[in-house]
Amino acid sequence: MNERQLRILRELGELGSVTAVAEALLMTPSAISQHLRLLQRSIPVPLTERDGRRLVLTDAGRALAGAAIEVETALARARHIVDEFVDEPAGDVSVAAFHSAAATFFPVLLRGRGPEAPRLSLADEDVAQDHFPRLTRDYDLVLAHHLAHAPPWPRTVTATTLMREPLDVAMPADHPLAREERLTPQDVADRPWITVHDGFPLMATIDAIATAANRRLDIVHRINEFAVVAETVAAGGGLALMPRWTTRPHPALVLRPLGGVHAIRRIDVLHRPERVARKAVRTVLDELRRAAAEIRGDDDADPDAAGSSAAGLP
């Protein structure tokens, strides 16, 4: 049993096929299979089994894959012990975020960085919600959105909640509903709507509005990018749900809170547990907490009060 074999077993449990593991680890499928055979020789119970044409983990395999996370975490700490000893703060840290979070958090992170600060590598990743955990393979920290109706994050990643952001109803400033201080599903159900493509967040909240109003909403436009949504709403294309803090104000629009449904999204930062063995990654995680407090407009930007951490919890 060695580190590479455990890594392959862990990735097989997450990716679900030998081919996908081979692509992720830049190896051939035959090499992956050979490592799995060698690992199996050291274990007295089966680690994998066939499920049709797929190779899946048994209960014993899943238990060992879970232990592999602890092994990788311990090895990561060992590899970075010298950096910890000399307290080197200026390591490289990669951060990915979905578009609206990137537009809001990245400028805050980049302001006033000194030579001793971690060196940031930033990227935008607009993916479906269940794809965010996979990005932790390529990035140190991943900003992800999560709605209350969605399944919890897998326990293979650690999630820190940066903010719980209300989703408001956006409309032109001269819209009849703009006179209302707060809206209900019944107020908005008979209007045309702009929302995201299927598989992306916000659709669950749209469905909740329809259920509360007991009628199907008239969805006329499907647009993922909030900047484009704002222009479409301003042009009279329909109502839309927009995040309260992470979209730029539009002079022709107003946002109104929506009651009667749970119209809130979480912004979480995901990472593999072993990543925070590095001081630079922990530093940037603290910076993200402070950025969240600034974006929310909190008087106290103490990073310990800005969010909560839990592995795989909703």
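The secondary structure of the protein chain comprises 12 helices and 12 strands. The model is a predicted one. The chain has 314 residues, and 50% of them count as buried. Along the principal axes, the C-alpha atoms fill a box of roughly 70 × 55 × 30 Å. Among contacts with a separation of 6 or more, 73% link residues 24 or more positions apart.

H1 packs on helix H3 (residues 29–41) at an angle of about 110°, and the axes lie 9 Å apart. An angle of 65 to 115 degrees counts as roughly perpendicular, so H1 is roughly perpendicular to H3. The crossing of H1 past H3 is left-handed. On the H1 side, the contact is made by Arg4, Gln5, Ile8, Leu9 and Leu12. On the H3 side, Ile32, His35, Leu36, Leu38 and Leu39 take part. By class, the contact of H1 with H3 holds 7 nonpolar, 2 polar and 1 charged residues.

H1 also packs on helix H2 (residues 18–25). Here the angle is about 120°, with the axes 9 Å apart. H1 is therefore oblique to H2. The crossing of H1 and H2 is right-handed. H1 contributes Arg7, Ile8, Glu11, Leu12 and Leu15 to the contact. H2 contributes Val18, Ala20, Val21, Ala24 and Leu25. The residues of the contact of H1 with H2 divide into 8 nonpolar, no polar and 2 charged. Ile8 and Leu12 of H1 are listed in the contact with H3 and also in the contact with H2.

Arg7 lies in H1, which spans residues 3–15. Leaving aside neighbours within four places in sequence, Arg7 is in contact with Leu25, Glu72, Arg137 and Arg272. One of these, Leu25, belongs to the H2 side of the helix contact. Arg7 and Ile69 are 62 residues apart in sequence, yet their C-alpha atoms are 8.3 Å apart in space.

Arg137, one of the residues in contact with Arg7, is placed in the loop between helix H7 (132–135) and strand S5 (141–147). Arg137 counts as buried because its relative accessibility is 16%, and the limit for buried is under 20%. A polar contact of 3.0 Å joins the side chains of Arg137 and Glu11. Glu11 is one of the H1 residues in the contact with H2. Not counting residues up to four places away in sequence, Arg137 touches Arg7, Glu11, Glu14, Leu15, Ala24, Arg272 and Arg275. Among the residues touched by Arg137, Arg7, Glu11 and Leu15 of H1 and Ala24 of H2 take part in the contact of these two helices. Arg272 is in contact with Arg7 and is also touched by Arg137.

Asp268 is located in strand S11 (residues 264–271). Asp268 counts as buried because its relative accessibility is 0%. The side chains of Asp268 and Arg266 are joined by a polar contact of 2.5 Å. Beyond four places in sequence, Asp268 touches Val142, Leu143, Ala144, His146, Trp153, Ala159, Thr160, Thr161 and Leu162. Among these residues, Val142, Leu143, Ala144 and His146 fall within strand S5.

Two loop residues other than glycine show positive phi values. Leu26 has phi near 55°, a positive value in a residue other than glycine. Leu26 is found in the loop between H2 and H3. Leu26 counts as exposed because its relative accessibility is 77%, and exposed means over 50%. Asn214 has a positive phi of about 60° although it is not a glycine. Asn214 is found in the loop between helix H9 (203–213) and strand S8 (218–222). Asn214 is exposed because its relative accessible area is 71%.

Methods. Residues are numbered from 1 along each chain as its sequence is written. This is a predicted model: local features need pLDDT of at least 70, side-chain atom pairs count only at pLDDT 80 or more; totals for chains, interfaces and linings use all residues. Side-chain values use heavy atoms; hydrogens and water are left out. Helices (H or I, at least four residues) and strands (E, at least two) are DSSP runs, numbered from the N terminus. Buried means under 20% relative accessible area, exposed over 50%, partly exposed in between (1.4 Å probe, protein chains only). A polar contact is a pair of N or O atoms within 3.5 Å; within protein, one must be able to donate a hydrogen and the other to accept it, and residues adjacent in sequence count only if both atoms are side-chain atoms. Contact means heavy atoms within 4.5 Å. Axes are lines fitted to C-alpha atoms, for helices over the stretch in contact, and angles run from 0 to 180 degrees between N-to-C directions. Angles under 35 degrees count as roughly parallel, over 145 as roughly antiparallel, 65 to 115 as roughly perpendicular and the rest as oblique. A crossing is left-handed if the near helix is turned anticlockwise from the far one by less than a right angle, and right-handed if clockwise. Ala, Val, Leu, Ile, Met, Phe, Trp, Tyr, Cys and Pro count as nonpolar, Asp, Glu, Lys and Arg as charged, and the others, Gly among them, as polar.
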